[in-house]
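Subject: Structure handover

Hello,

Here is the structure you asked about, with my notes below it. Please read the notes with the model open.

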Amino acid sequence: MRIPMCAARRAHRFIALPAVLCATLLLAACGQAGPSFHSTDISGAAFGQDFRLLDPDGRQRSLADFRGRAVIIFFGFTQCPDVCPTALIRAAEVKQRLGAEADRLQVVFITLDPERDTPEVLREYTAAFGADFLGLYTTVDETRTLADEFRIFYRKVPTGGSYTMDHTATSYVYDPEGRLRLAVLHAQDAESVAADLQTLLQSFSR
Amino acid sequence: MKRIALASLFALAASSAFAQVQVSDPWVRATVPQQRATGAFMHLTSPADARLVEARSPVANVVEIHEMKMEGDVMKMRAIEGLDLPAGKAVELKPGGYHVMLIDLKAQIKEGESVPLTLVVEGKDGKREQIELQAPVRPLATPAAPASGGMQHRHGHH
């Protein structure tokens, strides 16, 4: 299933981007030629510029660590039976579709649930989808700050003596120079995301 | 006499309806150590209107029937009171829709094992029936529409 570019933009307007910014994007991208993406082109967006998070080995990570590779980030929690595995399976399929270019994409999973997603859980969880997938975390307070900066909505919802989480399922794609370029809706398939990454990677030499 | 015959006819109809609730392709998503929740998925088909009202499993302290919905691109997951099983219609519990949520797991759910599940289905007449099944555990990275497995169901009565 392919999401028409402009339909994707309209859908995305409801969740993360202020209407004004998105209306501008609608005009800009639906009306002119240039690199065409299935995902929402958010090049030039002022949010989600960088992060400082810890990997399961306790090392600090930021976008600069992945320079030369495109980066796709997804925010979620490991006790999520549905959306989070689906997003990470798609990321794995995207890498597969990239073939020889697969090593030019870094998949990053950022937990919104650091209370339960310990470094050990994160490491095992991401490895189940891809050996080189990276799980990142920070403190509960910093997670809130980060999510706000990235326009990711999340909240705990009590259930069965425990809690689940509502959260934005949008993935973001950064180009090999660390610039935020694309917002990928949950409903997009691997084929369209892989095509977008191929388009993006083409304009950067190895 | 006539009344008694009718009543037993209804009882027979109800029990045969239940006896035909089919569970196909059940599976549970594997977990990594210390991951305390996961989902069970399957297809349910009831020949008569019925409702899935409860699920139980010895592997989890809490089992709920959940609905996943996308509002815009925000994922929301909620426990629901029950799931309608319209006559003759295959109701899918699959990623992107409904699932049986296994919460507060007692141990890691490992690929290759199977998870015992009890489903409680209520007919229009309020009668409840239990369906016992074994759901194979599939890898954590199992996509939404994995290869179809065989049918697997066993019936029990209160």
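A residue counts as buried if 20 or more other C-beta atoms lie within 10 Å of its own, as exposed if 12 or fewer do, and as partly exposed in between. Keep in mind that this is a predicted model.

Gln34(B) is not a glycine, yet its phi is positive, about 75°. Gln34(B) sits in the loop between β1 (22-29) and β2 of chain B. Because Gln34(B) has 15 C-beta neighbours inside 10 Å, it is classed as partly exposed.

Asp104(B), also a residue other than glycine, has a positive phi near 60°. Asp104(B) belongs to strand β8 of chain B. With 14 C-beta neighbours inside 10 Å, Asp104(B) is therefore partly exposed.

Next, the contact between the chains. Chain A puts 34 residues into the contact and chain B puts in 30 residues. On the chain B side, at least two residues each come from β2 (37-45), β4 (60-71), β5 (74-79) and β8 (98-105). Of these, β5(B) gives the most, with five residues. By type, the side of chain B that touches chain A holds 17 nonpolar, seven polar and six charged residues.

β5(B) also pairs across the contact: two bridges join it to strand β8 (residues 162-168) of chain A, and the two strands run antiparallel. Within β5(B), Met75(B) stands opposite His167(A).

Regards

Notes
Residues are numbered from 1 along each chain as its sequence is written. Chains are lettered from A and ligands numbered from 1 in the order in which they are written. This is a predicted model: local features need pLDDT of at least 70, side-chain atom pairs count only at pLDDT 80 or more; totals for chains, interfaces and linings use all residues. Two residues are in contact if their C-beta atoms, placed from the backbone, lie within 7 Å. Helices (H or I, at least four residues) and strands (E, at least two) are DSSP runs, numbered from the N terminus. Ala, Val, Leu, Ile, Met, Phe, Trp, Tyr, Cys and Pro count as nonpolar, Asp, Glu, Lys and Arg as charged, and the others, Gly among them, as polar. Two strands pair if DSSP finds at least two bridges between them.
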